[in-house]
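Student: Please show me the structure. I would like to go through it by question and answer.

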Amino acid sequence: MIENKLKYQGDYTPELKELHIGMGYWNDGEWEIIKNLQDFKNVVENKNYEEKIKITYLYDRDLYNQGWIEFESEELRPGISAWNFKDYILYKYKDDFWIHKWGKFKGQDDVIFRGKIKNLNEFIKLMEMLGIK
Amino acid sequence: MTENKYYTPEISEFHIGFRYEAKNNETFEWEKVIQISGFAGSEHYDRDLINLANDQFRVKCLDKQDIEELGWEYVGESNYYKGDIRYRIKNKGNTWLWLNVARQGDYQILISSFDTGFSLEGDSFLFDGDIKNYNELKKLMLMLEIEKI
């Protein structure tokens, strides 16, 4: 059994600059999405913003919900978790993420992203930029 | 990559710090805006929504000026990928990173830690995807921990 480094790591109050329509967040323990301008306004003007509005750090449930499947391999070093979606493989080690696209160069996989992903909203945007979804 | 090419942003792109342009209703000139609060920089949500629907907002597609403003130094045409335009930046740790703009398409960007953008070790890429505008590159640089020294 590999050590999964993508377990729940808690949440934080997002900075206002992180807010945009389409993003998900926790409001007093309920998962909500900013669907329109009224929602956006309600969040920004929430009197208990610091206390109630939260975003979870990216964790395994987020990946599952986006269609990624965790897999195990004897080739993986301890502490690395690996996930598959279509032709893409995501590795997580400590705070670092790698995303490979299989077959990019002559049958070999290759890295298309190497960096930090803070939360689900960043992950969804990144998948769009990488052409994954 | 074309200079001074614009598109109408999706409503989901607006966030505090977002850089875009808004048409002045009196002069009809485009004015540069950085969103500082609410939606589209004001608290007039309904008015801003109408403006968005009427193409009164636009965003400049990522271009040379944007890339240089974010600290990248223009190098020129790539010898390895003919026609690609290269930029470089000295990152923390005193390492050079390279940004290649593909000759085809508007957005395809390759960021790597290797001069040619490709190494046999296969681990030199930091990013290989599309970046639509200044805002996205700025955000991505944070995610890639790119910081000019």
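Student: Which residue forms a salt bridge with K32(B)?
Tutor: A salt bridge here is a side-chain nitrogen of Lys or Arg within 4 Å of a carboxyl oxygen of Asp or Glu. For K32(B), the closest N and O atoms of the pair are 3.8 Å apart. The partner is E21(B).

Student: Which elements of chain B does that pair link?
Tutor: Strands (E, at least two residues) and helices (H or I, at least four) are DSSP runs, numbered from the N terminus. K32(B) and E21(B) are 11 residues apart and link distant parts of the chain. K32(B) sits in strand β3 of chain B, and E21(B) in strand β2.

Student: What kind of model is this, and what pLDDT do side-chain atom pairs need?
Tutor: It is a predicted model, in which local features need pLDDT of at least 70, while totals for chains, interfaces and linings use all residues, and side-chain atom pairs count only at pLDDT 80 or more. Side-chain values use heavy atoms, without hydrogens and water, residues are numbered from 1 along each chain as its sequence is written, and chains are lettered from A in the order in which they are written.

Student: Is K32(B) buried or exposed?
Tutor: Buried means under 20% relative accessible area, exposed over 50%, and partly exposed in between (1.4 Å probe, protein chains only). K32(B) has 70% relative accessibility, so K32(B) counts as exposed.

Student: Which residues are joined into one network by salt bridges that share partners?
Tutor: One pair is R19(B) with D66(B), the closest N and O atoms being 3.2 Å apart. R19(B) lies in strand β2 of chain B and D66(B) in helix α2, 47 residues apart. D66(B) is buried at 1% relative accessibility, whereas R19(B) is partly exposed at 23%. The network joins R19(B), K60(B), D63(B), D66(B) and E69(B).

Student: Which residues does E68(B) touch, not counting residues up to four places away in sequence?
Tutor: E68(B) lies in helix α2 of chain B, residues 64-69. At a relative accessible area of 32%, E68(B) is partly exposed. Contact means heavy atoms within 4.5 Å. On that rule E68(B) touches Y74(B) and Y87(B).

Student: How far apart in space are E68(B) and R58(B)?
Tutor: R58(B) is found in strand β4 of chain B, residues 57-60. R58(B) counts as buried because its relative accessibility is 19%. Its contacts beyond four places in sequence include Y6(B), Y20(B) and W30(B). In sequence E68(B) and R58(B) are 10 residues apart; in space, C-alpha to C-alpha, the value is 21 Å.

Student: What is phi of F28(B)?
Tutor: Most residues other than glycine have a negative phi. F28(B) is placed in the loop between β2 (19-23) and β3 (30-34) of chain B. F28(B) is exposed, at 58% relative accessibility. Its phi is positive, near 60°.

Student: How many residues of α3(B) are buried?
Tutor: The buried residues include Y134(B), L137(B) and M143(B). At the start of α3(B), a side-chain oxygen of N133(B) comes within 3.0 Å of the backbone nitrogen of N135(B). The helix is mostly covered, and the count is 7 of its 10 residues.

Student: How many salt bridges are counted between chain B and chain A?
Tutor: The contact takes 29 residues from chain B and 27 residues from chain A. The side chains of E122(A) and K139(B) meet in a salt bridge at 2.5 Å, N to O. The count between the two chains is 3.

Student: Which element gives the largest share of the side of chain B that touches chain A?
Tutor: α1 (45-53), β9 (125-130) and α3 (134-143) of chain B each supply at least two residues of that side. The largest share is 6 residues, from β9(B).

Student: What area is buried between chain B and chain A?
Tutor: Buried area is the accessible area (1.4 Å probe) that two parts lose on being put together, summed over both. Carbon and sulfur atoms give 59% of the area here. The total is about 2,500 Å².

Notes
A polar contact is a pair of N or O atoms within 3.5 Å; within protein, one must be able to donate a hydrogen and the other to accept it, and residues adjacent in sequence count only if both atoms are side-chain atoms.
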